[in-house]
Amino acid sequence: MIQISNMSKSFGKQTILRDVSVDIDTNQITGLIGPSGTGKTTLIKCLMGMEKYDTGSIQIDDTAVPNRKLLNKIGYMAQSDSLYHDLTGLENIQFFAHMYGRKIPKKAVQSTLDLVQLEQHKKKLVQHYSGGMKRRLSLAIALINQPEYLILDEPTVGIDPVLKLNIWDQLHDLKKDSTLLITTHIMDEAMKCDQLLLMKNKGIAASGTPQEILENFGVSDIDQVFLRLEEQEYENAPVN
Amino acid sequence: MRMLQLIKRICKQVLRDKRTLALLFLAPIFVITLLNYIFPDPDDEVTIAAVNVSDEVIDILEDNDMIVKQEKAMDIKSYLEEGNASAVLEEKAGEWTLTILNDNPMDEGPAIQGSSQAVMETNLNDLSDNIDDMITNMEDMSANVEDMIESIHEMMEQLPPEVAQNMNINLDMDMDDTDIDTDIDSEIDMDEDPITVEYIYGDESYTFFEILNPILVSFFVFFFVFLIAGMSMLKERSSGTLEKLLSTPIRKSEIVFGYLFGYGIFAILQTAVIILYSVYILDMEIVGSITNMFIINILLSFVALGLGLLLSTFVSSEFQMIQFIPLVIIPQIFFSGMLNVDTMEPWLQWIAPIMPLYYAGNTMIDVVLKGFTLGEIIAPLSILILFIVIFVTLNIVGMRRYRKV
């Protein structure tokens, strides 16, 4: 269980997140959606302990963030492909596996490679990989420590539609053992999440299952929710 | 455990990167070899063109291992520009003129020195010839005086005695006293050196390269290790792998030490290659122990690693990393023992002690040329260790930028 309460974060004078409070339940996929620049990545970096939040608190399984040992439980996939281009795919996986400090069984490495369909490319240097292959390898690396929490920042960018569906099926399978937090701005992907957190105006503007949100706003797709939010903001704006 | 894996990964990456390997091992060998041959051998002969110069001067120049070309009057500038000689020596009505282009102190220095020496020697020879002539003249004169006295005696004997007594001239001069001492040593020996040079360290065969080489060994270790450590950390950061690495439970100190030892292996290998190549292939003479050379440079390479990693956190591109070279690397050369820090401006003398190469370069000279023992270089070595501790600490603290725990 991830509990964020009254958390704020600003860089200098610019406030990125203001008074964010949210609980993220276990064993489901929570989608963090919103236009770019609304603080999705900052929120994730605060969760990881990479950025320090200014006020409030973040707790994962009742342990306060930041905490180094907590990272054992978390698998993280950044927005950019964080791979060593001069190592092979397999070497990348093995290296990061070792960083978790415990022995990762060969079978786990193998099944992860199968999951992202990189088995026949594992001996290739990453610099010869296509964009989609790199993304899949990054995903495989995030899964390698069989984490309780899986935090994925735009995981399906550049992955072809067939594989994307495949990966979403796999992500739903992972729910058995993990809690997933996924950022995306592809709205049809948002519909595949169990819970949605809509980010807007430095905080969470709406939350609930995709169906609940659509009903609340009386619209037929998520894009329109953001348009509604935009209109509300305009109406509420003080008239000078 | 994690650190070992990090070291293993770095080794794999460096070994696969043939260019980096070449930069680490072949580049320093190439440059050191070049420098070994680029500096003129002190035994090399300098060519001087002589215009209207007496054979005597030419003989002296040639005795001093210079090649002398006898030329007629000509356009000196174009003659020198064409590279026919390093200098042109001319005599006009007793006035000596040496013309140089003033663009190559390596050859022109000896030319000026040799020529002025030759002209001076000739002048001295003339002077001693003149003295000889003078002595001959004086001898003639004293013979004449003796003759004169004798003729006066004869004259007086012919005079009546009372006249001679009235003249009251004392002619009982002792002829031995008037004999002018002609035993002046007019032979000034030109063959012997006017001054004997005693060498406390080494001997006259030391070339500039021999003094420079120990400093260069350290410089290359510092430069290449700095560059490679900085670049690879920058790559780690810009490719996002540092962030990914910090999303695992690895300690920040494990990353810094992993980097330090991973690249440290190559730094040590590079140091060994440079030192062994200088000593065994280029015949660099070392008075002190080769072990001490290793100790200095391995410590220095760790300083360079720490500094490279640290500075890479302030840059966002390879080009910005290169910008540190004129700021951080080049100034250190001036303080590394090539120039005497004690004679610099006072404020520069304050800068010297903050430069790692100041300690390494000067200590290398102490070991290689002066044969200092480990006990005698313990102070600068401690300072290098202090640099390492400071840089490592700053690096670990600096990692907080990417993860707060």
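The following legends describe close-up views of a predicted model.

**Figure 1. The contact between chain B and chain A.** This contact draws 27 residues from chain B and 31 residues from chain A. Together the two chains bury about 2,700 Å², and 60% of this area lies on carbon and sulfur atoms. Between chain B and chain A, 13 residue pairs are in polar contact, with both residues at pLDDT 80 or more. On the side of chain B that touches chain A, helix H1 (2-16), helix H8 (208-238) and helix H9 (241-246) of chain B each supply at least two residues. The most is given by H1(B), with seven residues. By residue class, this side of chain B comprises eight nonpolar, seven polar and 12 charged residues.

**Figure 2. A salt bridge between the chains.** Four salt bridges are counted between chain B and chain A. In one salt bridge, the side chain of Arg16(B) meets that of Glu91(A), at 2.6 Å from N to O.

Figure 3. Ser86(B) is placed in the loop between helix H4 (76-81) and strand E3 (87-92) of chain B. Ser86(B) counts as buried because its relative accessibility is 14%, and the cut-off for buried is under 20%. Apart from neighbours within four places in sequence, the residues in contact with Ser86(B) are Val46(B), Thr47(B), Leu80(B), Thr99(B), Ile100(B), Asp107(B), Glu108(B) and Ala111(B).

Figure 4. A search of the whole structure finds zero disulfides over all chains.

**Figure 5. A cis peptide bond in chain A.** The peptide bond that runs from Val65(A) to Pro66(A) is cis, and its omega is near 0°. Pro66(A) belongs to the loop between strand E5 (63-64) and strand E6 (74-77) of chain A.

Figure 6. Asp19(A), a residue other than glycine, has a positive phi, near 50°. This residue lies in strand E2 (residues 14-24) of chain A. With a relative accessible area of 48%, Asp19(A) is partly exposed. Asp283(B), likewise not a glycine, has a positive phi near 55°. Asp283(B) is found in the loop between helix H10 (252-281) and helix H11 (290-312) of chain B. Its relative accessible area is 54%, so Asp283(B) is exposed, the cut-off for exposed being over 50%.

Conventions:
Residues are numbered from 1 along each chain as its sequence is written. Chains are lettered from A and ligands numbered from 1 in the order in which they are written. This is a predicted model: local features need pLDDT of at least 70, side-chain atom pairs count only at pLDDT 80 or more; totals for chains, interfaces and linings use all residues. Side-chain values use heavy atoms; hydrogens and water are left out. Contact means heavy atoms within 4.5 Å. Buried area is the accessible area (1.4 Å probe) that two parts lose on being put together, summed over both. A polar contact is a pair of N or O atoms within 3.5 Å; within protein, one must be able to donate a hydrogen and the other to accept it, and residues adjacent in sequence count only if both atoms are side-chain atoms. Helices (H or I, at least four residues) and strands (E, at least two) are DSSP runs, numbered from the N terminus. Ala, Val, Leu, Ile, Met, Phe, Trp, Tyr, Cys and Pro count as nonpolar, Asp, Glu, Lys and Arg as charged, and the others, Gly among them, as polar. A disulfide is a pair of cysteine sulfur atoms within 2.5 Å. Buried means under 20% relative accessible area, exposed over 50%, partly exposed in between (1.4 Å probe, protein chains only).
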